Amino acid sequence: MPAVSHLQSAPAAYPDEIGVEVSNVTKSFGGDTSRVTVLNGVSLTIKKGEFVSLIGPSGCGKSTLLKLVAGLSEANGGSVSINGKSVREAAKDKAIGLVPQSPALLPWRTILDNVSLPISINPGANAGRKLRDPKEILQSFGLGHALDRYPAQLSGGMQQRAAIARAFVFDPEILLMDEPFSALDEMNRDQQRMGLLDFWQSNRKSVLFVTHSVPEAIILSDRIVLMASHPGRIAEIIDVDLPRPRNEALYASDAFRDLEGYVRSALRKVMEAARV
Amino acid sequence: MSDTVATAPRRNASGFTMARIVFDWGPPALTFVIVAVLWQLVAINNPYVLPTLDAIGNSLASDPGMYWANLLVTCQEVVIGAGAGIICGFLLAVAMSELPIVEKAVMPLIVVIMVTPVVAIAPALVVAFGFGMLPKYIVTGLVVFFPMLVNSLAGLRDVDQKALDVFKTLHASRWEIFRDLRLPGCMPFVFAGLRIAMPLAVVGAAVAEFVAAGQQAGLGSLVTIAAAQANLPVTWASIALLCLLGVLLVSLLALLRKRILWWSDEDVIGR
Ligand SMILES: Nc1ncnc2c1ncn2[C@@H]1O[C@H](COP(=O)(O)OP(=O)(O)O)[C@@H](O)[C@H]1O
Ligand SMILES: [Mg+2]
């Protein structure tokens, strides 16, 4: 049984080591007659400890791309690797933490037991990793008082936080999040994204984060990948050169506003191009 | 914190007052009283149609041992027959959900058996297996088998896809997915199946006894024998006991459900 480590500040980003490599990936759905290409020639790398957001019109293939990286579906062409290994190998090593769009907690388990789940599943892959103490991770997500509660007894925001804690608890090398805050109201969203920002800044992992909120993408990310649709492809990759650690104060800065304006207009161009 | 815990179920003081009790129990009690009065009116004016309630009560009181013995036989059929049917139905559902080939191979046969009236099978089983308990177990088992199979299968298939995605990214084994996701997740459906199966189990046992009446005891046999002799009080006392057995089973099930399935009842957990 590997020792459960205490929460500790993780090393800063390892500047140049590649975490995730997506190269020239193609994905299509449907039969021979009604085949639809959803992703066409998508290439993307995420460095270790880098936070990358995916943004783009709805239906452009963001979730599809995330599922390919998660190993939940197979590409028709191209390849995906995680730390130089196939997605399958990475999953065997429990290298992937997934935060789905809905919290997807098990209603019959307490919050603590939900967050402990990834430790008990596929226990062979626990050897030699720094498992976190589920109680401590819940405390650091502000859920210390709710350990013995059941998901239905918590608000949507708290459930989503528990789902994020569940993804961090087994110390995966890459986290995949598909619009984790989209079901929350605006006040709650902001609180949750700040919580994630704080936690991630002291526990840096590679993250691929799907969102449809421009401010959310900017405040969290190192890079923003802007996707276009029909077929889904990368239109532009935007560097977010804002200093870290970041906090709410950043929203008010000129640099943030300038970047927000830029990303919004880039997004608008992509949407207009799709309409023609 | 702004997003504090949703309010717990409120048990306000008035929940246990007299007014509350009257409000909850009054209307159904009134219905029963009205039905009882109507029954008595019919029974007194038509002695060959219905026995009076007091005649039924007297019959029960005059020979409790006989009723008890017959009730036990029917209970035994329900417990063993329905128990086996429930377990088999659930296990086959597990096999079908885990191995599609099993479903493909077995489902057509299941459908054929399902549309065959059990009432018609019962005499054939008696011929085949004699007047002992076995044909009664089989008939009782058969009637509960299908609702269990169909509901359990629906439950095992109705997994939360997003939760399944989480399990898959962890490279969970099929056994882990079954143990931690499908099995607990299918319980609401299993209980829905049981809710249908329990009253049916009593029907199955009674039907089997009709067919094999006279040989082995049982409330169903008692009904046929007494009816043939136009002994209305015994007939209706037996029917009342069958009904009581059904109510008891359904109530036990509701208790069990509350213990096991509290998490799926939103009014219990208080959202
Ligand atoms: N399993 C599937 N079968 C067929 N089409 C699909 C499937 N999954 C996604 N699609 C299609 O692929 C496109 C992209 O979907 P998705 O990745 O969910 O978009 P996004 O997450 O960017 O909103 C959509 O047009 C959707 O209808
Ligand atoms: Mg999506």
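**Exercise 1. Determine in which helix B:V33 is found, and whether B:V33 is buried or partly exposed.**

Solution. The model under study is predicted.

Step 1. B:V33 belongs to helix α1 of chain B, which covers residues 18-45.

Step 2. The relative accessible area of B:V33 is 49%.

Step 3. B:V33 is one of the residues of a nonpolar surface patch, together with B:L30, B:I34, B:V37, B:L38 and B:L41. The accessible area of the patch is about 560 Å².

**Exercise 2. State which residues of helix α1 of chain A are buried, and what follows for the helix.**

Solution. 

Step 1. In chain A, helix α1 consists of residues 62-70.

Step 2. The buried residues of this helix are A:K62, A:T64, A:L65, A:L66, A:L68, A:V69 and A:A70.

Step 3. Seven of the nine residues are therefore buried, and the helix is largely enclosed by the rest of the structure.

Step 4. Just after the helix comes A:G71, with a positive phi of about 80°.

**Exercise 3. Describe the surroundings of A:R189 and identify its salt-bridge partner.**

Solution. 

Step 1. A:R189 is located in helix α6 of chain A, residues 186-202. Its relative accessible area is 7%, so A:R189 is buried.

Step 2. Apart from neighbours within four places in sequence, A:R189 is in contact with A:F181, A:S182, A:L184, A:H212, A:S213 and A:E216.

Step 3. Among these residues, A:E216 forms a salt bridge with A:R189, and the closest N and O atoms are 3.2 Å apart. This pair links distant parts of the chain: A:E216 lies in helix α7 (residues 214-220) and A:R189 in helix α6, 27 residues apart. Both A:E216 and A:R189 are buried.

Step 4. The general principle is that side chains of opposite charge can pair when their charged atoms come close.

**Exercise 4. Compare the exposure of the two partners in the salt bridge between A:D222 and A:R244.**

Solution. 

Step 1. The closest N and O atoms of A:D222 and A:R244 are 3.0 Å apart in this salt bridge. The pair connects distant parts of the chain, 22 residues apart: A:D222 is in the loop between α7 and β11 of chain A, and A:R244 is in the loop between β12 and α8.

Step 2. A:D222 has a relative accessible area of 16%, so A:D222 is buried. A:R244 has a relative accessible area of 23% and is therefore partly exposed.

Step 3. A:R244 also takes part in a cis peptide bond with A:P245, for which omega is about -5°.

**Exercise 5. Carry out the corresponding analysis for the salt bridge between B:D180 and B:R179.**

Solution. 

Step 1. The closest N and O atoms of B:D180 and B:R179 are 3.0 Å apart.

Step 2. The relative accessibility of B:D180 is 8%, so B:D180 counts as buried. B:R179, with a relative accessible area of 34%, is partly exposed.

Step 3. Elsewhere, salt bridges that share partners unite A:E186, A:R189, A:D190, A:R193 and A:E216 in one network. Over all chains, the count of salt bridges is 19.

**Exercise 6. Find where A:N24 and A:A104 lie, and state the phi value of each.**

Solution. 

Step 1. A:N24 lies in strand β2 of chain A, residues 18-29. Although A:N24 is not a glycine, its phi is positive, about 50°. With a relative accessible area of 48%, A:N24 is partly exposed.

Step 2. A:A104 is placed in the loop between β7 (96-99) and α3 (111-120) of chain A. Its phi is near 50°, a positive value in a residue other than glycine. The relative accessibility of A:A104 is 6%, so A:A104 counts as buried.

Methods:
Residues are numbered from 1 along each chain as its sequence is written. Chains are lettered from A and ligands numbered from 1 in the order in which they are written. This is a predicted model: local features need pLDDT of at least 70, side-chain atom pairs count only at pLDDT 80 or more; totals for chains, interfaces and linings use all residues. Side-chain values use heavy atoms; hydrogens and water are left out. Helices (H or I, at least four residues) and strands (E, at least two) are DSSP runs, numbered from the N terminus. Buried means under 20% relative accessible area, exposed over 50%, partly exposed in between (1.4 Å probe, protein chains only). Contact means heavy atoms within 4.5 Å. Patches are made of residues with over 30% relative accessible area and no salt bridge: like charges are joined within 9 Å, nonpolar side chains (Val, Leu, Ile, Met, Phe, Trp, Tyr) within 5 Å. Accessible areas come from the Shrake-Rupley method with a 1.4 Å probe; for residues, only the protein chains shown count as cover. A salt bridge is a side-chain nitrogen of Lys or Arg within 4 Å of a carboxyl oxygen of Asp or Glu.
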